[in-house]
Amino acid sequence: MDDLIEILLELILEGSSELLQNKKVPKWIRIIIALIFIGFLIGIISLGVMLLNKSILGGIIIIGVGVFLLIGIIIKIRKYMEN
């Protein structure tokens, strides 16, 4: 089951990142895809906040990874949208 979820997420995320780079795709579709990426990462950060009650260190690590990825994807999205 974990492998299936991993394959699906990889296909969705990598396919979406390829669509973000493609100039032939309309800009409004690329914006929607970017918002889905950002929503996914905000969900990871929220999971870390909920985990803080059970394990402070685990929650902080998940929040840190989520914030790091969120900042990275925002920088990458801005680069793709400007070009």
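Let me begin with helix α3, where Gly-58, Gly-59, Gly-66, Leu-70, Ile-73, Ile-77, Tyr-80 and Met-81 are buried, that is, under 20% relative accessible area with a 1.4 Å probe and protein chains only. The cover over these buried residues includes α1 and α2.

A word on the source. This is a predicted model, in which local features need pLDDT of at least 70, side-chain atom pairs count only at pLDDT 80 or more, and totals for chains, interfaces and linings use all residues. Residues are numbered from 1 along each chain as its sequence is written, and side-chain values use heavy atoms, with hydrogens and water left out.

Helix α3 covers residues 56-82, and its end C-alpha atoms are 39 Å apart.

Turning to the whole protein, buried residues make up 22% of its 83 residues. Its C-alpha atoms fill a box of roughly 45 × 30 × 15 Å along the principal axes.

Finally, where does Lys-23 lie? Lys-23 sits in the loop between α1 (2-21) and α2 (27-51). This residue is partly exposed, at 44% relative accessible area, a class that falls between buried and exposed, the latter being over 50%. From the C-alpha atom of Lys-23 to that of Phe-68, 45 residues away along the chain, the separation is 27 Å.

Technical notes
Helix = DSSP H or I, 4+ residues; strand = E, 2+ residues; numbered from the N terminus. Expected span 1.5 Å × (residues − 1). Contact = heavy atoms within 4.5 Å.
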